[in-house]
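Open the structure in your viewer and keep the selection tool at hand. This tour goes stop by stop, telling you what to select and what is there.

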Protein chains: 4
Amino acid sequence: MPAIFKMTRQVEFAETDMAGIVHFVNFFRWMESCETAFYRSLELPLISFVPGQVVGWPRVNVSCTYRAPLRFNDTVEVTLFVKKLGTRSVTYLFQFHQAAVLVAAGEVTAVCVGAGEKGGMIAQPIPAAVRAKLQVAPPSAWGG
Amino acid sequence: MPAIFKMTRQVEFAETDMAGIVHFVNFFRWMESCETAFYRSLELPLISFVPGQVVGWPRVNVSCTYRAPLRFNDTVEVTLFVKKLGTRSVTYLFQFHQAAVLVAAGEVTAVCVGAGEKGGMIAQPIPAAVRAKLQVAPPSAWGG
Amino acid sequence: MPAIFKMTRQVEFAETDMAGIVHFVNFFRWMESCETAFYRSLELPLISFVPGQVVGWPRVNVSCTYRAPLRFNDTVEVTLFVKKLGTRSVTYLFQFHQAAVLVAAGEVTAVCVGAGEKGGMIAQPIPAAVRAKLQVAPPSAWGG
Amino acid sequence: MPAIFKMTRQVEFAETDMAGIVHFVNFFRWMESCETAFYRSLELPLISFVPGQVVGWPRVNVSCTYRAPLRFNDTVEVTLFVKKLGTRSVTYLFQFHQAAVLVAAGEVTAVCVGAGEKGGMIAQPIPAAVRAKLQVAPPSAWGG
């Protein structure tokens, strides 16, 4: 089912701050790690430098809501849901669970870009080979 | 006017990624740096370990929208606006400009916490000494 | 053999920089992650807030030598060797391999501290329960 | 005197860890920030993508010794000394002071690279235009 993907991590010492909890920016790093592992599972390159292919997926909008703190060595389960699939963009929903409790939820909208002129990036339609492997998760899957 | 605060930074090499642009999570680090500098300018401790005082401001909701990429050594101007002031929480709006162009905008809602039992944190009303120094920026200031 | 420990990671997008390779500071984060996983494997807490126990292991000296760059999605094998075991300190040697090629090597000397007065930290002998689980790796193991 | 350069920073919240002090990897980020500011002061590009010019300065060896911890909002003064200037490499020494007390010292050896074949990097002699602006600091300057 290529619309949902799960990854597990243990909180690292460097991810904590002086309040004794995970610093909030790390949830965005975990979202990206989960997206990368999702693409790896689909045998799709997330980033490609082959001419004519996708160059990358710069973020246009990201957000995260925090419900409970995580601490050093906690095990966190990250679940990715493909929420929307546009012509040139994709929106992922992420849920973070610790021991079956939802501790945070985030969203990332990324746009598909190819190489433009002078080393720039230009939005482009999601290539057919990529689109063929992506599917939107039903709202019931993420409690929407 | 304790409702708006500006800070300038230059993009560091470690803030870039292999796409040659600033990695998106750094905008959240800059929001927090600007909030810290804002508190310093008000002569308020952002974090205090004095018993009975504010312990910190954990984030409950954050978001960022990206319009244009930033690159190594670019100068970015970060502007903080106090958007909402609740009993126990505050919402900041941040605008990021490069050479007068708005390249990104973000929001952070943080809740005021004090020390709870067993080393935990518990939401508490924003102390009067802090509230006295904070003021909501008029929407006209941030183009709202 | 509690003197050597191996961990595998895949390079994350956020760990790269605009040169297209892993930013050098990440090797130190990986050293610490490997040390944490090593302690977990020994069922020892790396950090403890139980009064009278080890509070932590602040670093007093660290170094890293780089031989070849790593790139996004590369698999890196991190090997920890306990190189020296002092009364109050430990020195770890780390080797980083990609496809059996040594790409980097680092060292970390950390000192064992307990809680001092006024929230400070004070060096203390490594507790017997910890020392009982640590053993120095023979130089032949790390090619020394 | 283009052999010594000073930069001041205030410790950010995100730079602390659960031990309540600056996480040790940040000192390496500060070394790199100081190196970047040093190059800016010399009106030299640290990184250039102009064909035939320096592409970058990958690190081959780095180290840091820690004497005292730094905490949130502390002001740290970073001093860079050009310690050695080779044909293809440079070694910087960094000292970190807080209120005139030396809290840490580090070294970075970086090699000058240009663009090689297939997008790779290849060591090259430091260009004359760069070398003309660099000078070795006398050991007496850094207490060597």
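**Stop 1: chains C and D**

Select chain C and chain D. Their contact (heavy atoms within 4.5 Å) takes 19 residues from chain C and 19 residues from chain D. About 1900 Å² is buried between chain C and chain D, and carbon and sulfur atoms give 68% of that area. Buried area is the accessible area (1.4 Å probe) that two parts lose on being put together, summed over both.

Before going on, some ground rules. This is a predicted model, where local features need pLDDT of at least 70, side-chain atom pairs count only at pLDDT 80 or more, and totals for chains, interfaces and linings use all residues. Residues are numbered from 1 along each chain as its sequence is written, chains are lettered from A and ligands numbered from 1 in the order in which they are written, and side-chain values use heavy atoms, with hydrogens and water left out.

How many salt bridges cross the interface of chain C and chain D? The count is 0. A salt bridge here is a side-chain nitrogen of Lys or Arg within 4 Å of a carboxyl oxygen of Asp or Glu. Polar contacts do cross the interface of chain C and chain D: 8 residue pairs, both at pLDDT 80 or more. A polar contact is a pair of N or O atoms within 3.5 Å; within protein, one must be able to donate a hydrogen and the other to accept it, and residues adjacent in sequence count only if both atoms are side-chain atoms.

Now color the side of chain C that touches chain D. The elements giving two or more residues to it are α1 and β2 of chain C. β2(C) gives the most, with 8 residues. By class, this side has 12 nonpolar, 4 polar and 3 charged residues. (Ala, Val, Leu, Ile, Met, Phe, Trp, Tyr, Cys and Pro count as nonpolar, Asp, Glu, Lys and Arg as charged, and the others, Gly among them, as polar.) Helices (H or I, at least four residues) and strands (E, at least two) are DSSP runs, numbered from the N terminus.

**Stop 2: the strand pair**

Select β2(C) and residues 59–66 of chain D, which form strand β2 there. The two strands pair in the antiparallel sense over 5 bridges. Pairing requires that DSSP finds at least two bridges between two strands. Pick out Cys64(C): its bridge partner in β2(D) is Val62(D).

**Stop 3: inside chain C**

Stay in chain C and select Glu32(C) and Arg59(C). They form a salt bridge, with the closest N and O atoms 3.6 Å apart. Glu32(C) lies in helix α1 (residues 26–41) and Arg59(C) in strand β2 (residues 59–66) of chain C, so the pair ties together parts that are 27 residues apart in sequence. Buried or exposed? Both Glu32(C) and Arg59(C) are buried. Buried means under 20% relative accessible area, exposed over 50%, partly exposed in between (1.4 Å probe, protein chains only).

Next, select Glu15(C) and Arg9(C). This is another salt bridge, its closest N and O atoms 3.6 Å apart. Glu15(C) is buried at 4% relative accessible area. Arg9(C) is buried at 13%.

**Stop 4: from chain A to chain C**

Go to Glu12(A), in the loop between β1 (4–10) and α1 of chain A. Glu12(A) is buried, with a relative accessible area of 13%. Its side chain makes a polar contact with the side chain of Ser33(C), at 2.7 Å. Leaving aside neighbours within four places in sequence, Glu12(A) is in contact with Phe72(A), Arg9(C) and Ser33(C).

**Stop 5: chains A and B**

Select chain A and chain B. Each gives 19 residues to the contact. Chain A and chain B bury about 1900 Å² between them, 68% of it on carbon and sulfur atoms. β2(A) pairs with strand β2 (residues 59–66) of chain B in the antiparallel sense, over 5 bridges. Zoom to Ser63(A), which stands opposite Ser63(B) in β2(B).

**Last stop: chain B**

The whole structure has 24 salt bridges over all chains. For one of them, select Lys83(B) and Glu107(B), whose side chains meet at 2.6 Å, N to O. Lys83(B) lies in strand β3 (residues 75–85) and Glu107(B) in strand β5 (residues 101–111) of chain B, so the pair ties together parts that are 24 residues apart in sequence. Lys83(B) counts as partly exposed at 22% relative accessibility, and Glu107(B) counts as partly exposed at 24%.
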